[in-house]
Amino acid sequence: MSAKMNSKRRSAVQSVLLPVAFGGVLITAWQTGLLHKLLNTDEYVLPYPTRILTIISENTDKIMENVWASLEVALLGLLFGSVIGYLIAVFAASFRKLGSGGLTIVSSFNAIPIVALAPVIINWTKDVSPQADVRSMVAKIVIVTIVCMASMSVNAYRGLTELPAFSQDLMKTYGAGKLTEFRKLRLPNSIPYIFTALRVSVPVSIISALVSEYFAEYVIGVGRQIRENILIAQYSTAWAYILVACVIGIAMYAILIAAEAIVLKKRR
Amino acid sequence: MKLVRKITNSKLFFTFIWIAALIIVWEIFAYQVEQTKRTPENVLPHLSGVVDSITSDKKINGSQTAFQMVMENAGATLSRAAIGYVIGIALGFILALIMSLSGIVEKVVFPYLMLIQIIPILGMAPIINAITKDIAVSRIVIAAILTFYPVAANTLAGFKAVRRESHELMYSYSASKFQLYTKMMIPSCIPYFFTGLKISAPMAITASILVDTLQGGLGLGCLLSQSLKGAMTRYVFWDIVFFSAIIGILSFYFIGIIEKLLCPYKKLEQKGR
Amino acid sequence: MLETTENRNVEIMLDNVGMTYDAADGKKVQALTSVTMDIHKGEFISLLGPSGCGKTTLLRIIADLLQPTSGKVLIGGETPREARLKRRYGMVFQSATLYDWRTVIKNIELPLEITHESKSERRERAIKMLDLVGLSEFANHYPRQLSGGMQQRVGIARALVLQPEILLMDEPFSALDEFTREKLHIDLLKIWRKTNKTIIFVTHNISESVFLSDKVCVLSPHPGRLSAVIDIDLPRPRSMEIRDTPEFTALVSKVRNSFEGV
């Protein structure tokens, strides 16, 4: 075994061990109260990790109910937003002049604070259903849909239009029509861009699901529970939900990365 | 004739067409709502109504017009957002710099930098408010956190994107580390740095408004909640919605303009390649 | 002519220089095996070969960008590291590697900023170099406004501004079109004549190496080695027309036939 191989291996081991060690130090500081001194807070507002884990294990059913509520919103919003976003991109790619102007508008939706968007959408969906839980759900899904739309439409548009050099000419030499060109060239070309969009919109879908819950009529969801529990000074429970929210975020991103690795495997 | 064609060919022209279309759709629905609802402004007011509420000099809380009220609260929120934004930029840039200088620090911090991007920080806003015990401070802290990681991640990507030949050039001059960074690394990562700034500007504003809604006091989010609860005319709510949407969008473009001023070479066309 | 060549001072001495890499699968790859060669002051040398022959590796060893695993390199009696610290060579890369955020003249001033020259001195020397490469009227343009050929001329001016004795060029014209390249050949030879530098020019283009050089060092791959050194005794100054002469054609075939195992 050569020295260079050794150093490469050592470097790989380091990039796993060092962050893990850092995390260990952080959790130890938290558990031993050092972190509290640093942040100038007490174990009431910032409970020990063991306490948070106890809360989670004691309230699994209630927490899972809220997790599913948030996940449903995030995933459905992500799905609808991505599909609509992609269709907008297809439209924009088919009518370039008109479309790119529309795309500017859609992408500027991204800059609208969700805090302003959420109450408006909740207002508009008041008549959807007489049941508060249903109409709240619809409102939240619509909010997530709008937020996720922008990144998909912008990225998919790039994927549909930034084609390899001469590939369009090649299609023309085969006498391919617009539809064939789309199926054989534009669609496959846009797939890596879809994943680029999802890398942005997966975390965004969770955030906007949690924040939309703040404004919703019906009290459910991980985000809303964080807030409600803080209002009644149940900080340990709030932290339990924060931890769960982080796990959701990490899990969904991990799934996305795995899916991307499988789908794009042959391209690399 | 030429001018007409030039206008109709420009992207801006089609953007305006879309804006016009949106306004028309809005007004059609507003008209519908007006026919069917008792308090149409709660659901969808006419845009003229919103504009009226901004320009009217009627005092809505005894001392202030709606516009003055929104502006005063916006000042409280946005100034905190701006402070947090600047702190976040500074921290993000410094962290990226340290990570670029030290492989060990990069290895330790990089996974956490990725992690912080995928966990819902904004969901932690209430707890940060509880820890800092001061709404003004928590606005700054959350805006800073939300700014810090896109700036750090993008700036680091900028440092990494520097081509090997650029490094070798500096090496062949036996440039010092300080020269390497001031003459080459930092200037070349500026476009990436600005990408981070553009992403985080609307986020910092959103975060500040969100923190407002958690607690009473002066602030756009707080005013928004009050208006929603019916404490004052609903038009204040709409004013804030439009104001924050416009500010969010403008913040993005504003950073773009600063970038163009700082990097005049960026807009130049690539030639002969 | 030949006698005086022998008497000229040796600028760069390569003694049994070898380079072995560790491949990913743990095997050893010989990028370069025992190259021994003297390069004289003011000579124009080409390192010619297909990809994988080690020509760029050799240049990078001379530039102190790589450390050889065996053998010795001396530049004016010093190690490559000492030579680099004294800025005894200037480097021109395949891409011009200009900094987008600096104007042409500021790009040329860059090395002088690193050596802490005064502002007026920097400007004066940069203007001189711009003049040398014939780009005076583009001083305040940004690199993106220039064509590829012009960018590469700025790269040459920047390499020369520290007044090094040696110019190391790594396939500097390979990304340019044929017309631009031929023009730059003439320009480079003019600059060389005016400045009297020692030039080591890496290329995979046979006719380019013959046209420019005093000596073509032919490197062959698997393992990378120096397989021939061919003297190019075409008269100087050389013009475009020399490419049409039978002597030129004969030298090109001679070089081509000296490759081994390609």
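## Domains of chains A and B

The C-alpha centres of domain 1 and domain 2 of chain A are separated by 33 Å. In the domain assignment of chain A, domain 1 covers residues 3-39 and domain 2 covers residues 53-267. The model described here is a predicted one.

Chain B is likewise assigned a domain 1, at residues 2-44, and a domain 2, at residues 55-267. For chain B, the C-alpha centres of domain 1 and domain 2 lie 31 Å apart.

## Overall form of chain B

Chain B contains 12 helices and zero strands, and its pattern along the sequence reads α-α-α-α-α-α-α-α-α-α-α-α. The radius of gyration of chain B is 23 Å, well over the 19 Å that the globule rule gives for 273 residues, so chain B is more spread out than a compact globule. Taken along the principal axes, the box filled by the C-alpha atoms of chain B is roughly 75 × 65 × 30 Å.

Of the 273 residues in chain B, 41% are buried. Where contacts in chain B link residues at least 6 apart in sequence, 72% of these contacts join residues at least 24 apart.

## Interface between chains A and B

The contact between these two chains involves 40 residues from chain B and 46 residues from chain A. On the side of chain B that touches chain A, two or more residues each come from helix H2 (11-36), helix H3 (40-43), helix H6 (103-118), helix H7 (125-132), H10, helix H11 (220-228) and helix H12 (234-262) of chain B. H6(B) gives the most to this side, with eight residues.

By class, the residues of chain B on the side that touches chain A are 29 nonpolar, nine polar and two charged.

## Interface between chains B and C

Here 21 residues of chain B are in contact with 22 residues of chain C. Two helices of chain B, helix H9 (164-172) and helix H10 (177-213), each supply at least two residues of the side that touches chain C. The largest share of that side comes from H9(B), which provides six residues. H10 of chain B is also listed among the elements that give two or more residues to the side touching chain A.

The side of chain B that touches chain C is made up of nine nonpolar, seven polar and five charged residues.

## Strand E8 and its partners in chain C

In chain C, strand E8 (residues 215-220) is mostly covered, with five of its six residues buried. Strand E8 of chain C pairs with strand E3 (residues 44-48) of chain C; these two strands run parallel and are joined by four bridges. One position of E8(C) is C:Val216, the bridge partner of C:Ser46.

E8(C) also pairs with strand E9 (residues 225-231) of chain C, in the antiparallel sense and over six bridges. C:Leu219 stands opposite C:Leu226 in E9(C). The hairpin formed by E8(C) and E9(C) has four residues between the strands, and in this hairpin C:His222 takes a positive phi near 55 degrees.

Key:
Residues numbered from 1 in each chain as written. Chains lettered and ligands numbered in written order. Predicted model: local features only at pLDDT ≥ 70, side-chain atom pairs only at ≥ 80, totals over all residues. Contact = placed C-beta atoms within 7 Å. Nonpolar A, V, L, I, M, F, W, Y, C, P; charged D, E, K, R; others polar. Rg over C-alpha atoms; globule rule 2.2 N^0.38 Å. Buried ≥ 20, exposed ≤ 12 C-beta atoms within 10 Å, placed from the backbone. Domains from an automatic or database assignment. Pairing = 2+ DSSP bridges.
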